[in-house]
Amino acid sequence: MTEKIIIITAPSGAGKSSIAHRLLSRHADKLAFSISAATRSPRRDEQDGVDYYFLSIHDFREKIEQEQFIEWEMVYEGKYYGTLKSELSRIWAMGKVPVLDIDVKGAIHVQKQFEGSALSIFIEPPSLDALETRLRGRNTETPESLSTRLSKAQYEISFKGHFDKIVVNDQLESACIQTEKHILDFIQLPNQPKAY
């Protein structure tokens with residue numbers, strides 16, 4: 001029987017990482033963060049092997065050729081992100097459920113591969129205006145990158161119906177509670193390989 005996977009996805013700035021990290025800190029005995037591989041440079045306070053596995057483009061492409069990824073995408077021009085098969089195995093070996101915090105395209109891909117053993121949750125921003133405000137508030141976007149992220153977000157929101165659950169992140173606390181309920185219901189389902 002296949003092990004379980006939890007996929008949390010959203011457009012950039014919708015709050016998926018904030019929600020995922022809150023839930024992981026509350027349920028560290030059951031859940032573990034699946035560390036993605038990325039070719040971008042670490043941001044301030046990010047650590048290799050904790051936040052991401054930071055790889056060169058050459059190393060990333062080599063792993064693609066060796067079929068070491070469950071999913072990978074070139075999310076932005078020249079910036080690759082992916083989920084390593086070894087990362088899921090590492091978490092399952094600890095007797096925990098991996099939580100994947102990944103982009104929408106990657107999430108659809110993983111969901112197809114793990115049909116029946118994955119729970120996919122789409123975190124939706126209350127509106128594109130609210131999303132724009134959040135992205136501006138980060139002070140990390142140029143006018144061009146902001147425009148790119150917003151048009152990408154609009155496109156990604158059109159796929160929300162592909163996911164098992166949709167949680168609107170209008171209020172972070174409420175979104176965390178809803179997401180937590182969906183996850184706890186899922187990992188306590190009967191007829192699964194592990195009892196939690």
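What share of the contacts with a separation of 6 or more in the protein comes from residues 24 or more positions apart? The share is 69%, where contact means heavy atoms within 4.5 Å. This is a predicted model: local features need pLDDT of at least 70, side-chain atom pairs count only at pLDDT 80 or more, and totals for chains, interfaces and linings use all residues. Residues are numbered from 1 along each chain as its sequence is written, and side-chain values use heavy atoms, without hydrogens and water.

**Overall build**
- The protein has seven helices and nine strands. Helices (H or I, at least four residues) and strands (E, at least two) are DSSP runs, numbered from the N terminus.
- Its radius of gyration is 16 Å, close to the 16 Å of the globule rule for 196 residues, so the protein is as compact as a globular protein of that length. The radius is taken over C-alpha atoms, and the rule is 2.2 Å times the number of residues to the power 0.38.
- Of the 196 residues, 47% count as buried. Buried means under 20% relative accessible area (1.4 Å probe, protein chains only).

**Strand 8**
- Seven of the seven residues of strand 8 (residues 118-124) are buried, so this strand is largely enclosed by the rest of the structure.
- In a regular strand, side chains alternate between the two faces of the sheet.
- Ala118, Ser120, Phe122 and Glu124 point one way, while Leu119, Ile121 and Ile123 point the other way.

**Neighbors of strand 8**
- Strand 1 (residues 5-9) runs parallel to strand 8, joined by five bridges. Two strands pair if DSSP finds at least two bridges between them.
- Ile8 stands opposite Ile121 in strand 8.
- Strand 9 (residues 165-168) pairs with strand 8 in the parallel sense over four bridges.
- Val168 in strand 9 is the bridge partner of Glu124.

Note on methods:
Buried < 20%, exposed > 50% of the residue type's maximum accessible area, 1.4 Å probe, protein only.
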